[in-house]
Amino acid sequence: MGAVSVLKSRPPAARTVPPPPAPPVHRKGPGARRRRAGLLMVTPALLHAALWIGLPVIAAVYLAFTSYDVLSSPRFVGLANFRDMLGDEMFRKSIVNTVIYTFFTVPFGMALGLLLALALHTGLRARGLFRTAIFLPQVTATVAIALVWLWIYNPRNGLFNTLLGLVGIEGPAWLASTGWAMPSVILVGIWQGIGMKMLIYLAALQNLPKDLYEAASVDGASRVRQFFSITLPLLKPATFFVLITSMISAFQSFDQIYILTDGGPAGSTTMMTYEIYKSAFREFRVGYACAQSLVLFVLLMGFTLVNRRIMGGNRGHD
């Protein structure tokens, strides 16, 4: 009994607890080094964008709520500039003209750009020459293009009226008529921007998988059916990109308006950008011009979001 009691009273042997495992050492692999190198490479561009884009945007938003004429210090006026815009008949007219200009130049330009891309995607002879000729207006100075179209629209010895005179039709004063000025400007906008649209669609067409067309041909699908069932759905990302960039370009049209019509006649071709220019550099109402620019930005953002919702973003067809 004594031995048993001694055994029972002996304390249990202490258990040895193994030490915790050492934390894993994370070594920077080639992926992390590439990311760091890429960040270093884009840092100058980010700094440039922050300095020359970010700061001016912040300054424009601030000045939109001030009265500023460059010569004196900005004076905070709250929403007065936006209230003035509600009563500015010419600015309201410029919004309508900008929407009309965009409504016609963007879809017609996209349709013509796609048709030209489809034509140049085939085995057409001298494709390089045609591509260069179509894209040339895109890289030509807008001032030079506008001067050429000024001669084309000249009511006395211009190209259009000369051709109409050959068939006994007296041509109108294209840029001096309130009824013909806007269609004339729209035609110039479509012609000048068609090259970039054609190039983007052509690049997208060249990346489409050919096996889908081969399978469709085996199934007996015609060219028209292949276009609507394969080509158009697969071109959805390119179409979204072309649509957004074309709308931004149309809303920012200024050079050709300034040279061709100077916003006339009777304000029939004045655009939002032209009104912003006139407010800032002719009337020296910089705060009011910044408020107009903010409205232009909001309209562009709204149209972009609506188009993204309608087209389902830039995702392609599954």
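Glu275 is buried in this predicted model, with a relative accessible area of 3%. That value falls below the 20% cut-off for a buried residue. Even so, the Glu275 side chain has a charged partner: Lys278 forms a salt bridge with Glu275, and their closest N and O atoms are 3.0 Å apart. What separates the two along the chain? Lys278 and Glu275 sit three residues apart in helix α13, so about one helical turn lies between them.

Let's follow the chain onward from there. The count of salt bridges in the model comes to three, and another of them joins Asp262 to Arg282, with 3.3 Å between the closest N and O atoms. Here the partners come from two loops: Asp262 lies in the one between α12 (255-260) and α13 (272-281), while Arg282 lies in the one between α13 and α14 (286-311), so the pair ties together parts that are 20 residues apart in sequence. Are these two residues buried or partly exposed? Asp262 counts as partly exposed at 37% relative accessibility, and Arg282 is partly exposed too, with a relative accessible area of 39%.

There is also a salt bridge between Arg285 and Glu283, whose closest N and O atoms are 3.7 Å apart. The cut-off for such a pair is 4 Å, so this distance still qualifies. Arg285 has a relative accessible area of 33%, which makes it partly exposed, and Glu283 is likewise partly exposed, at 41% relative accessibility.

Which residues gather in a patch of positive charge on the surface? They are Arg33, Arg34, Arg35 and Arg36. Take Arg33 as an example: you will find this residue in helix α2, which covers residues 30-63. Arg33 is partly exposed, with a relative accessible area of 44%.

A last stop is Thr105, found in helix α4 (residues 89-121). Thr105 is buried, with a relative accessible area of 7%. What does the side chain of Thr105 reach? At 2.7 Å, it reaches the backbone oxygen of Tyr101. A polar contact is a pair of N or O atoms within 3.5 Å, so this distance lies inside the cut-off.

Conventions:
Residues numbered from 1 in each chain as written. Predicted model: local features only at pLDDT ≥ 70, side-chain atom pairs only at ≥ 80, totals over all residues. Heavy atoms only, no water. Patch = residues over 30% accessible without salt bridge, like charges linked within 9 Å, V, L, I, M, F, W, Y side chains within 5 Å. Areas by Shrake-Rupley, 256 points an atom, 1.4 Å probe, with all protein chains shown as cover. Lys, Arg positive; Asp, Glu negative; His and termini not counted. Charge placed at Lys NZ, Arg CZ, Asp CG, Glu CD. Helix = DSSP H or I, 4+ residues; strand = E, 2+ residues; numbered from the N terminus. Buried < 20%, exposed > 50% of the residue type's maximum accessible area, 1.4 Å probe, protein only. Polar contact = N/O pair within 3.5 Å; in protein donor to acceptor, adjacent residues only side chain to side chain.
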